[in-house]
Amino acid sequence: MDLGDAVLLVAGLEALLFVSGLGGLVLVVGRYRKERRAGMDVWRALEDGLSVVLPRAVARLVVKEPRLLVCLFRWTVRRVRLTNEEFAYHKRSLLRAIVPLLVVSAPVEQVLVHVLALAFSPWWWLKWALLLLGAYATLWLLGLYASLVTLPHRLEEEGLRLRYGLLAEGFFPYREIEAVSRRELEAPIYGDGLLHVSGEETLYLATGGKTDVSLRLRAPRSMSGFSKDTEPACLVCLAVDKPDGFVRELRRRIETPIRDRTSVRRERGTDKAVR
């Protein structure tokens, strides 16, 4: 192949890759806008948009990176204040005990690893790779704890949104919650996060290996995990820092029809406007 043909071939391949990438971007943006118009939140709409060109698990992981940075920014720069509709769950979390130790020990460990790699490794790039890897792991742990603080459980207009930071999320409409009870339980496996017990058809959203509230659903529903959705379950056991207030407010919303809540909200808005 002479030089002219080679240049034309490379230019053609570049143009094909550009058109393919542009077409993928158009599909992602189109799906994102469609989901946003349907009322979906920004992050879930972005995940759905990326799932057009990527596997769902990969799209979910890609979205978590910028969301983690947003949570870390909110936690470090802005003071997080919960509204009356938000309920924290991180006070018993294992990460709450780990983070202070991490802040103190991580710089020392990074310097030590860098010095050891510099002294004993013949590869110059290894010390920088280990340094970057350690810094990235530290950033992820800090961002994960920040997500526990900045992404609480939330009582929304039409349903309850349960979370465990970036690692788990699920939405349960009020009309599909049959009963809510104040009951402390031990999770089958000690630790934090989302756990599905298939034999019991139960979802555990625990901190410190314990849960404080149980939800009985009218029909099985699943939750979004770190990389995939769980199997559907009829019972959801979750941890809440202030379980009594959570149960009281959730029961009130379950017993109050949506139209009545909408009327109350409009009346409050009218009162504010008059004032």
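A residue is called buried when its relative accessible area is under 20%, exposed when it is over 50%, and partly exposed in between, using a 1.4 Å probe and protein chains only. The structure is a predicted model, in which local features need pLDDT of at least 70 and side-chain atom pairs count only at pLDDT 80 or more, while totals for chains, interfaces and linings use all residues. Residues are numbered from 1 along each chain as its sequence is written, and side-chain values use heavy atoms, with hydrogens and water left out.

Side chains of opposite charge can pair when their charged atoms come close. A salt bridge is counted when a side-chain nitrogen of Lys or Arg lies within 4 Å of a carboxyl oxygen of Asp or Glu. Across the whole structure, 14 salt bridges are found. In one of them, Arg252 is paired with Glu249, with 2.6 Å between the closest N and O atoms. Both residues belong to helix α6 (residues 243-255), where they are three residues apart, about one turn of the helix. Helices (H or I, at least four residues) and strands (E, at least two) are DSSP runs, numbered from the N terminus. Glu249 is classed as buried because its relative accessible area is 18%.

Another salt bridge joins the side chains of Arg67 and Glu169, at 3.7 Å from N to O. This pair connects distant parts of the chain, since Arg67 lies in helix α3 (residues 56-77) and Glu169 in strand β4 (residues 168-173), 102 residues apart. Arg67 and Glu169 are both buried. They also belong to a network of salt bridges that links Arg67, Glu156, Arg161 and Glu169. Elsewhere, Glu184 and Arg182 form a salt bridge through their side chains, at 3.5 Å from N to O. Glu184 counts as exposed because its relative accessibility is 58%, and Arg182 counts as partly exposed because its value is 36%.

The interior can be followed next. A nonpolar core is a set of buried Ala, Val, Leu, Ile, Met, Phe, Trp, Tyr and Cys residues joined through side-chain atoms within 4.5 Å. The largest such core has 40 residues, and those with the most contacts inside it are Leu160, Leu162, Leu215, Leu238, Phe246 and Leu250. Helix α5 supplies the largest share of this core, seven residues. Apart from this core lies another, of six residues, including Val197, Tyr204, Ala206 and Leu235. Contact here means heavy atoms within 4.5 Å. With neighbours within four places in sequence left aside, Phe246 is in contact with Phe87, Leu155, Leu160, Val213, Leu238 and Val240.

His90 is found in the loop between β1 (86-87) and α4 (94-120). This histidine counts as buried because its relative accessibility is 13%. Not counting residues up to four places away in sequence, His90 touches Arg96, Tyr145, Leu148, Val149 and Asp241.

Cys234 counts as buried because its relative accessibility is 15%, and Cys237 counts as buried because its value is 0%. A disulfide would require a pair of cysteine sulfur atoms within 2.5 Å, and by this rule the count is zero.
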